[in-house]
Amino acid sequence: MTAKVSYGSVEVGTELPAQSFPVTRATLVQYAGASGDFNPIHWNEKFAREVGLPDVIAHGMFTMAEAVRVVTDWAGDPGAVVDYGVRFTKPVVVPNDDKGALIEVSGKVAAKLDDNLVRVDLVAMCDGKKVLGMSRAVVRLA
Amino acid sequence: MALDQSFVGRTYPPTPAYEVGREKIREFAEAVGDPHPAYVDAEAARALGHADVIAPPTFVFSITYRAAGQVVQDPQLGLDYSRVVHGDQKFSYVRPVRAGDRLTVTSTIESIKSLAGNDIVDIRGDVHDEAGELVVTALTKLVARAAEEA
């Protein structure tokens, strides 16, 4: 494991480069196929509305996968992630248009731990709402 | 109706081995739009100290969630799957999942809680490789929402 960021170069409060991830209906269909999660709330508007959702929503695991990219792109080695957890607080609603939705992720170093580990706290927003809670990753730096 | 507390601590038999394919990793990385070379290029992965291409951190969920199905669909437990939503997800990695891994998952019910009519079940999935080494532990919180009053 060889992260490209050194432990000594970061401090509590260091901000990671923020990123935005677009998601459309096509993205969700592709993710359903790749992950094997074919729950119709992620692609069938009629079904989603019948179970009380405002529209089709993104897979929580898709949002979780995007959010950690702020950490893996920064660290340089995706294998440097030691722990990663989220709470699914609000759905990412994906309208059936060309634009879809935008997941905006920022992160900062919240704690420096032993063994070159740091804890990064992530914030994932969509449409002005926080879509993940307690989103934290522990990553091993160089 | 609250779920039976005696299921806490129950461990289900390990799943049959899932062989992680490099094309499946590529497909997953493309689906999440992640161009990191360690997911598709063995040389790039080796330059980072890995034995082969590695999978994105959340890839393993498709394997652990299928395994958690043993719990969710256990008729004796009686969880109402039509009301289940995914509450929390956590992973603790010993090492990244990589192409060629043959992974088995052992699911354990960590806790069962009842809160305002909702049933909350925490399932731990321990993922081992062919050598029996622990690769990753997945903690999945499922919430079965309270049924509406008739």
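Setting aside neighbours within four places in sequence, A:Glu11 touches A:Val109 and A:Lys112. You will find A:Glu11 in the segment that precedes strand S1 (15–23) of chain A. This is a predicted model, and in it A:Glu11 counts as exposed because its relative accessibility is 55%, where the cut-off is over 50%.

A:Glu45 and A:Arg49 form a salt bridge, at 3.4 Å from N to O. Both belong to helix H2 (residues 45–50) of chain A, and because they are 4 residues apart there, about one helical turn separates them. A:Glu45 is partly exposed, with a relative accessibility of 29%, and A:Arg49 is also partly exposed, at 45%.

The side chains of A:Glu66 and A:Arg69 meet in a salt bridge of 3.0 Å, N to O. Here A:Glu66 is buried, since its relative accessibility is 1% and the cut-off is under 20%. A:Arg69 is buried as well, at 8%.

A:Arg69 also leads us across to the other chain, where its side chain meets that of B:Asp34 in a salt bridge (3.6 Å, N to O). The rule finds 2 salt bridges across the interface of chain B and chain A, along with 12 residue pairs in polar contact, both residues at pLDDT 80 or more. On the chain B side, helix H1 (22–31), H3 and strand S2 (84–93) each provide at least two of the residues that touch chain A. S2(B) makes the largest contribution to that side, with 8 residues. Sorted by class, the side of chain B facing chain A holds 14 nonpolar, 10 polar and 6 charged residues.

How much area is buried between the two chains? The figure is about 2,400 Å², and carbon and sulfur atoms give 56% of it. Of the area that chain B buries against chain A, 21% comes from B:Ala31, B:Val32 and B:Leu48, more than from any other three residues. In terms of contacts, 30 residues of chain B meet 29 residues of chain A.

Strand S2 (residues 81–88) of chain A runs antiparallel to S2(B), and the two are paired over 5 bridges. To pick out one position, follow A:Val86 to its bridge partner in S2(B), B:Gln89.

Now move on to helix H3 (residues 61–72) of chain B. This helix is largely enclosed by the rest of the structure, because 9 of its 12 residues are buried. Those buried residues are B:Phe61, B:Ser62, B:Ile63, B:Thr64, B:Ala67, B:Ala68, B:Gly69, B:Val71 and B:Val72.

One last stop in chain B is the salt bridge between B:Arg102 and B:Glu19, whose closest N and O atoms are 3.2 Å apart. B:Arg102 belongs to strand S3 (residues 102–115) and B:Glu19 to strand S1 (residues 18–19) of chain B, so the pair ties together parts 83 residues apart in sequence. B:Arg102 is partly exposed, at a relative accessible area of 31%. Over all chains, the structure holds 22 salt bridges.

Key
Residues are numbered from 1 along each chain as its sequence is written. Chains are lettered from A and ligands numbered from 1 in the order in which they are written. This is a predicted model: local features need pLDDT of at least 70, side-chain atom pairs count only at pLDDT 80 or more; totals for chains, interfaces and linings use all residues. Side-chain values use heavy atoms; hydrogens and water are left out. Buried means under 20% relative accessible area, exposed over 50%, partly exposed in between (1.4 Å probe, protein chains only). Contact means heavy atoms within 4.5 Å. Buried area is the accessible area (1.4 Å probe) that two parts lose on being put together, summed over both. A salt bridge is a side-chain nitrogen of Lys or Arg within 4 Å of a carboxyl oxygen of Asp or Glu. A polar contact is a pair of N or O atoms within 3.5 Å; within protein, one must be able to donate a hydrogen and the other to accept it, and residues adjacent in sequence count only if both atoms are side-chain atoms. Ala, Val, Leu, Ile, Met, Phe, Trp, Tyr, Cys and Pro count as nonpolar, Asp, Glu, Lys and Arg as charged, and the others, Gly among them, as polar. Two strands pair if DSSP finds at least two bridges between them.
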